[in-house]
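Reader: I would like to go through the labels attached to this model and see what each one rests on. Please set the values against the cut-offs.

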Amino acid sequence: MRDYIIREATPDDIDGARVVMLDAVYRDFKTGYVPRWHADIIDPVSYYVTPPRHTLLVAVDESDGTVAATAALDARGPAHPPNPRRLAERFPSGETAQLRRVYVRPEHRRRGLARHLVERLLEFARADGGYRSVYLHTYPDSPGAMGLWRTLGKVLCDERVDVPGGGSGAVHFEIPFA
């Protein structure tokens with residue numbers, strides 16, 4: 001079993017974190033880099049490291065020092081459009097901790113890294129004191145995502161069945177937060 005260090009991303013981790021995220025959008029989502037969706041991946045420092053209420057966590061493989069997984073949190077609620085209006089109203093920016101970019105390299109999956117990273121993000125949000133809720137969206141084809149999120153949260157909207165025409169196909173979750 002490998003050992004991992006979970007920490008807030010340091011300047012030395014940024015390139016490795018970016019690689020994990022880009023690999024996910026190319027390999028798992030098959031969208032490739034789309035600027036309007038993935039600008040935060042190219043510039044994670046501006047989105048997650050510099051703002052005081054945001055964070056980017058990494059899991060670093062101690063055996064070789066590579067970034068094995070990422071997870072981020074920011075204070076931006078889901079925007080409408082493209083998300084359903086009711087979700088944008090329920091999860092306003094500034095009060096909502098949105099979980100983002102929870103990605104694990106395939107060779108490091110099934111070791112609890114994503115769950116541990118999410119626990120750390122929730123600790124960060126609680127310590128902030130200004131968040132009232134935790135929100136995220138995922139896509140059903142993302143390896144392991146639906147199983148993880150169903151154990152941690154509650155489905156609020158499955159666009160495939162709740163939005164005429166299937167929307168973007170995203171599944172929206174609220175994670176209990178107290």
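Reader: What is the strand order of the open sheet, and what kind of pairing does it have?
Author: In this predicted model, the seven strands of the open sheet run in the order 1-2-3-4-5-7-6, and the pairing is mixed.

Reader: What makes strand 1 and strand 6 edge strands?
Author: Strand 1 (4–8) and strand 6 (154–158) each pair on one side only. Neighbouring strands of the sheet are turned against each other by 25° on average, with direction ignored.

Reader: How do you know that strand 2 and strand 3 pair?
Author: Pairing needs at least two bridges. Strand 2 (residues 55–61) and strand 3 (residues 67–74) have six, in the antiparallel sense, so the two count as paired. In one of the bridges, Thr 55 has Leu 73 of strand 3 as its partner.

Reader: Which helices pack on these strands, and at what angles to strand 3?
Author: Helix 1 lies across strand 2, strand 3 and strand 4 (96–104), at about 90° to strand 3. Helix 5 (residues 113–128) touches strands 1, 2, 3, 4, 5 and 7, and its direction makes about 30° with that of strand 3.

Reader: Why is helix 1 called roughly antiparallel to helix 2?
Author: Helix 1 (residues 14–28) and helix 2 (residues 35–42) pack at about 155°, with axes 9 Å apart. The label applies over 145 degrees, so helix 1 is roughly antiparallel to helix 2. Arg 18, Met 21, Leu 22 and Val 25 of helix 1 meet His 38, Ile 41 and Ile 42 of helix 2. Five of the contact residues are nonpolar, one is polar and one is charged.

Reader: What makes the pair of Tyr 47 and Tyr 48 tilted?
Author: The ring centres of Tyr 47 and Tyr 48 are 6.2 Å apart and the planes stand at 45°.

Reader: Where in the chain are Phe 91 and Tyr 135?
Author: Phe 91 is in the loop between helix 4 (85–90) and strand 4, and Tyr 135 is in strand 5, 44 residues apart.

Notes. Residues numbered from 1 in each chain as written. Predicted model: local features only at pLDDT ≥ 70, side-chain atom pairs only at ≥ 80, totals over all residues. Heavy atoms only, no water. Axes fitted to C-alpha atoms, helices over the stretch in contact; angles between N-to-C directions. Helix = DSSP H or I, 4+ residues; strand = E, 2+ residues; numbered from the N terminus. Parallel < 35°, antiparallel > 145°, perpendicular 65-115°, else oblique. Contact = heavy atoms within 4.5 Å. Nonpolar A, V, L, I, M, F, W, Y, C, P; charged D, E, K, R; others polar. Phe/Tyr/Trp six-rings, centres within 6.5 Å; stacked < 30°, edge-to-face > 60°.
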